[in-house]
Amino acid sequence: MKNYLTAVRPTTDLSTPIHVQLMYDLIRVDELDAAKETITTTFMFQQIWKDPRLTWNTTEYGGIKSIRFPYNSVWHPDIEIENFAPGPSWSSEASVYISYDGTAIYVPHKTLSTYCSMDLALFPYDTQTCSLTFVPWTHNSLEMRLGLYGHYYNTTKKLEINVENYLDFQWKILKATASINSRKYSCCPEEYQRFVVTITTMRKTSFYRYVITWPSIIACFLVPFLFAIPSHSAQKITFGLGLMIFESLIVLVFVETNTFDHTTVPNLAIFHLIILILTSISLLLSIFIISLCDDSGRRKRVPAWLQRLALNDTCLRRILCLGQYGKSIRYSNGGGGLLEDQGIHEPSHDAPEMHTVSNNDTMRDLSESIRTISDKMISEEASARITQDWREIGRLVDRILGFLCVVTVFSLLMWSITSSIWLK
């Protein structure tokens, strides 16, 4: 080590670049933060080069073939991470292994965070590809040449990196490769070589499948049942509000599990938004149907065209699987008064004469009371028939909207499948 300078490149000819072989050994992907778009990895970064100043004859030194020096006491490549991101970082102060022929091996153990651009459109079934870029910080390609180290020296092809998956990590590592490329920077005319490690990971979906995916599908299928509740029942509103609360809870869980501050919108978020809008529209339509079937104070007749379309059109009712509706009340063509059915409004010929001329006031009062009661019963029965007609119309509207809702839900699910939301 006499007259050894750590700042001088280990070469006998300054015009000759020093060759450094690199190998990346991935130990673990510690974290992949979608909100910050960073990946934290733990790895060993092997660097091999030759230093002609550190050679010796083993016979002169008792057969010693290798020694170890602290890394700051010998020259070593100043290779740094280019896309470093704030986050957990750690590096071991490993020693440099020196062989008698001048071969130096430096294998630091590091934990670093780097930036990783992510596409969350297919969340939580997404696959992310992240790159770690290592560059010689002050040596261009004329001074330092990088190469891949494997079973043989490789400078052009990609090097496959052995990976190991851990059960306690939410990402599965699909593959990892290393390659060498060159780049020119605006500051300098020379090219700088870069050692690029590409890691492809896929999110493990067990947690999201049970917490987000299946509840979302259940909420999707519950929406059409809103129109299966009787049209005059106020429980439609309760059921619709319950669906909106259920969907809101799923969205809250969705947000809590992943804090999104990202440029891409997950398809699952669009799915939830569509389901929420569909539930809201269904709830508003249910309110309209309930008001349509409300019998509080209604005495207006069903329009003749609506009777023909909804109550008498057997073709439409057969298509909607409603069956034939019973005899509805008939209306006059004039001022909208009721045409009395013979069995209800016409007095029976066998009934006793109500206009009995009698001087007995008691009998006259009794006759008037019976007439009043009879008229009231006739009016209530006619009103009940009108209410029944409106409820039947509400039932028909419910059936139409229910079919439309089912078609919408299945179309949405087909879009989800083609978008690979649930496929994996």
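How many residues lie between strand 13 and strand 14 in the hairpin that they form? Six residues separate the two strands of this hairpin. The model is predicted, so to speak of local features a pLDDT of at least 70 is needed, side-chain atom pairs count only at pLDDT 80 or more, and totals for chains, interfaces and linings use all residues. Residues are numbered from 1 along each chain as its sequence is written, and side-chain values use heavy atoms, with hydrogens and water left out.

- Five strands make up an open sheet with antiparallel pairing, in the order 4-9-14-13-12.
- Strand 4 (79–81) and strand 12 (159–160) are at the edges with a single partner strand each, so one side of each has no neighbour in the sheet.
- Strands here are DSSP runs of E with at least two residues, helices are runs of H or I with at least four, and both are numbered from the N terminus.
- Two strands count as paired if DSSP finds at least two bridges between them.

**Strand 14 and its partners**

- Strand 13 (residues 171–184) is joined to strand 14 by 13 bridges, and the two run antiparallel.
- Strand 9 (residues 127–136) pairs with strand 14 (residues 191–203) over eight bridges, also in the antiparallel sense.
- Met-202 in strand 14 has Thr-127 opposite it, and Lys-172 stands opposite Met-202 as well.
- Thr-201 in strand 14 stands opposite Gln-128.
- Strand 14 is largely enclosed by the rest of the structure, because ten of its 13 residues are buried.
- Buried means under 20% relative accessible area, exposed means over 50%, and partly exposed lies in between (1.4 Å probe, protein chains only).

**Ser-216 in helix 1**

- Helix 1 (residues 206–222) contains Ser-216, which is buried at a relative accessible area of 1%.
- The Ser-216 side chain reaches the backbone oxygen of Ile-212 at 2.6 Å.
- Ser-216 and Ile-275 are 59 residues apart along the chain, and their C-alpha atoms are separated by 8.7 Å.

**A nonpolar surface patch**

- Val-265, Ile-270, Ile-274 and Trp-415 make a nonpolar surface patch of about 310 Å².
- Patch residues have over 30% relative accessible area and no salt bridge, with nonpolar side chains (Val, Leu, Ile, Met, Phe, Trp, Tyr) joined within 5 Å and like charges within 9 Å.
- A salt bridge is a side-chain nitrogen of Lys or Arg within 4 Å of a carboxyl oxygen of Asp or Glu.
- One of the patch residues, Ile-274, lies in helix 3 (residues 267–293) and counts as partly exposed at 33% relative accessibility.

Notes:
Polar contact = N/O pair within 3.5 Å; in protein donor to acceptor, adjacent residues only side chain to side chain. Areas by Shrake-Rupley, 256 points an atom, 1.4 Å probe, with all protein chains shown as cover.
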